[in-house]
Amino acid sequence: MTTKQVLPYGSWPSTITSEALTQGLSQLNEPKLVNGACYWLESSPENKGRTAIMCKDAQGDIYTITPSSINVRTRIHEYGGGSYLIHNGYAYFTNDSDQRIYRCAIASSGQSHAIDEALEVLSPEGNYRYADFCIDEQRQQLICVCEIHKKSKKEPENCIVALKLDGSSTTAFNILIFGNDFYSNPRVSPDGDYISWLTWSHPNMPWDASECWIAQFSSFGLLQKQLKVAGGNLSKSTNNGETQNTIGESIFQPQWSPGGELFFVSDRSNWWNIERYTPSTKTRNKVHTMEAEFATPQWVFGMSTYSFLNSFSLFCCYTQNGLWYAGTIDLLTSHFKALELPYSSIRSIHANDETDTAIFIASDYDQLDSIVQWHDNQLATIKTSGHLAINTEELSKPMAKHFSNSQSQQVHGFYYAPQNSQYEASSETKPPLLVMCHGGPTGATSSALNLKIQYWTNRGFAVFDINYSGSTGYGRHYRDRLKGQWGIADVDDICAGAAFISEQGLANTEQLAVRGSSAGGYSVLASLTFKDTFKAGASLYGIGDLSLLATDTHKFESRYLDQLIGPYPEDKELYEKRSPINSVTQLNCPVIFLQGLEDKVVPPNQAETMVSSLFEQGIPVAYVTFAEEGHGFRQAQNIQTAIDTEYAFYLKVFDIHTDTPTVDVPFVNGSSISKINNKEINNQTKGENQ
């Protein structure tokens, strides 16, 4: 047995370098199984995030479908998704540079991938964005969601459109459905008679209240007999008939079965469970009921948690207590069978009803993302996101934890202990703790392998990745806890989580830090401003001014805060009260901000205003910007710089010495890190500023 060298927590030399987070690793998304071949989207930070359509054919050969000049990406809703489709030997996709729809013939493995001259454009020029494709074979058209940007309109218009497959729609498309704020999931029934779709309108997000509709095609290809199948706002009433409160029903992934029934996922039972609707009888029935979530928040297009193996069964994934599982459902008997698969994260289900085969993306705490094929209880790996050149002895295994917040409500998260095969710390010391706040805030963290977490634990940090109130995976009631309470309930949970880990003897109370991105960045800044739990924080493209966010963000989220805080500007005073920027004098510990300068979701002025205010208050503050990044960092060098700079920041803040070379920390205008150890700063009471 090898004797470990004793070094202080946080200072351990690590083989999990920042380069290891990006080199040779790719992102895999939206796998599809078509005619014996598997297709997927693949991008890599080393290639500046460019996304290509890949194929593994029936012979096992892997090759690229799209030309090297193409970046398959839609910017609809800013978050995109659902950017390609495979049908009858063609790939249909949105190109990032002009947001037009193209198609190219799929070459065989013995040929090079498509060249630019082989591309056919299907959509007109203009300020349009497209996503979520389906083919209407009977009328030879491509149906998709379209977002129309007009200079005369404050917000873009969303609709469902049809484009002819023969290329005759390059001057104009045909609008099928319009009038609501948002649409998704247009799907044509197997017989070609019906079309289904999802829709929702301000101030709802799709996980608040969305509606599933169907309509019939007329002989002229127009839509008639539109009918709402499920979803929308549901009112609860008191005994005297007055409305007590209004809740919503969220619908996810409407999809036609091979037999012509419309399946979807509904949360009307508190849990996102699978149901179906039969058009001929206009009846709605539950397929299977259990305390589990068969859906996830629809932040992007193209999400899928189930698919049909054949006319009589489907393959699905679901989450319970933060872990993902897979199962099958017999559609005749509604019998559910849980499958024992070696994964804790499963997503992007796609099946082929001609071969009884399903594919999906899966991983575990010590496995990278892989596209996996399932057939008759046998598993085969189609593609992995890269080679894990790290000994599994270096990886910290997540431990599910739950604790009570100040409201005596149960809260969930995953704790990662420091782990390094070569180093350990003195038994008399405790590790610094990073509490991680996921984005959204409607979202969830996962126990799947996250090298950005392992980067910290391998250096001697403990990590608590928290699913605070409002997270998904624990039922609608848990998700709705954050309604009207953003900046309060999440902050309470985050601070209670840090206290819980400390009380367990798993962290140094003088070295508590909190970090998060996007909405998680807001939770970071709110926790640092309105509580005294943490000694440092990191905000990655986070929110400091809620009023600014309410008035300066994209359409998809422009009314999101109505649910999380209240309508704006009616509740402007509440926005100002919960905005860290307006209470910056209460924030008394160092903060590092990391920001993409092309971010349209949380513009750079959010970070810049906060940074300036902190500097004026004499608080040490670091600001790191990336000129070619948007909301999230895609390029390898930027990902590496961001995490290495954040690590160096914590070393400075917590006065941890290491022999490992570190990068310089860009403190603003030479603000002095020596102020961090000034007891006068750290002992300020927040009551003085309230």
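Which helix gives the largest share of the lining of the largest cavity? Helix α6 (residues 560-564) does, with 3 residues. The structure is a predicted model. Its protein chain holds 10 helices and 39 strands. The chain is as compact as a globular protein of its length, because its radius of gyration of 25 Å is close to the 26 Å that the globule rule gives for 690 residues.

**Overall build**
- Along the principal axes, the C-alpha atoms fill a box of roughly 80 × 65 × 50 Å.
- Of the 690 residues in the protein chain, 59% are buried.

**Cavities**
- Rolling a probe the size of a water molecule over the atoms shows where empty space is left.
- The whole structure contains 5 cavities of 30 Å³ or more.
- The largest cavity holds about 110 Å³ of space.
- Its lining has 16 residues, and those nearest the centre are G440, I543, L549, E557 and Y560.
- By class, the lining of the largest cavity has 12 nonpolar residues, 3 polar and 1 charged.
- The second largest cavity has a volume of about 70 Å³.
- Residues W207, D208, P441, T442, G470, R479, D480, L482, K483, Q563 and L564 line the second largest cavity.
- Helices α2 (476-480) and α6 each give two or more residues to that lining.
- The lining of the second largest cavity divides into 4 nonpolar, 3 polar and 4 charged residues.

**Aromatic pairs**
- A pair of aromatic rings is described by the distance of the centres and the angle of the planes.
- The whole structure has 42 aromatic pairs.
- One of them joins F93 and Y102, with 6.3 Å centre to centre and 20° between the planes.
- That F93–Y102 pair is stacked, because planes under 30 degrees apart count as stacked.
- F93 has a relative accessible area of 0%, so it is buried.
- Y102 also counts as buried, at 14% relative accessibility.
- The rings of W456 and Y647 lie 6.1 Å apart at their centres, and their planes meet at 65°, so this pair is edge-to-face.
- The W456–Y647 pair links distant parts of the chain, 191 residues apart.
- W456 sits in helix α1 (residues 451-457), and Y647 in helix α9 (residues 636-653).
- W456 and Y647 are both buried.
- Both also belong to a cluster linked by ring pairs, with Y455, F461, F649, Y650, F654 and F667 as the other members.

**Charges over rings**
- R139 places its charged end over the ring of F217, 3.7 Å from the ring centre.
- R479 lies over the face of W272, 4.2 Å from the ring centre.
- R479 is also one of the residues lining the second largest cavity.

How values were computed: Residues are numbered from 1 along each chain as its sequence is written. This is a predicted model: local features need pLDDT of at least 70, side-chain atom pairs count only at pLDDT 80 or more; totals for chains, interfaces and linings use all residues. Side-chain values use heavy atoms; hydrogens and water are left out. Rings of Phe, Tyr and Trp (its six-membered ring) pair if their centres lie within 6.5 Å; planes under 30 degrees apart count as stacked, over 60 as edge-to-face and the rest as tilted. Buried means under 20% relative accessible area, exposed over 50%, partly exposed in between (1.4 Å probe, protein chains only). Helices (H or I, at least four residues) and strands (E, at least two) are DSSP runs, numbered from the N terminus. A charge sits over a ring if NZ of Lys or CZ of Arg is within 6 Å of the ring centre and within 35 degrees of the ring normal. The radius of gyration is taken over C-alpha atoms; the globule rule is 2.2 Å times the number of residues to the power 0.38. On a 1 Å grid over the protein atoms alone, a cavity is a set of points where a 1.4 Å probe fits but cannot get out, and a pocket is an open set with protein on both sides within 12 Å along at least five of seven lines; lining residues have an atom within 4 Å of a point. Grid points are joined across faces, edges and corners, and a volume is the space filled by probe spheres set on the points. Ala, Val, Leu, Ile, Met, Phe, Trp, Tyr, Cys and Pro count as nonpolar, Asp, Glu, Lys and Arg as charged, and the others, Gly among them, as polar.
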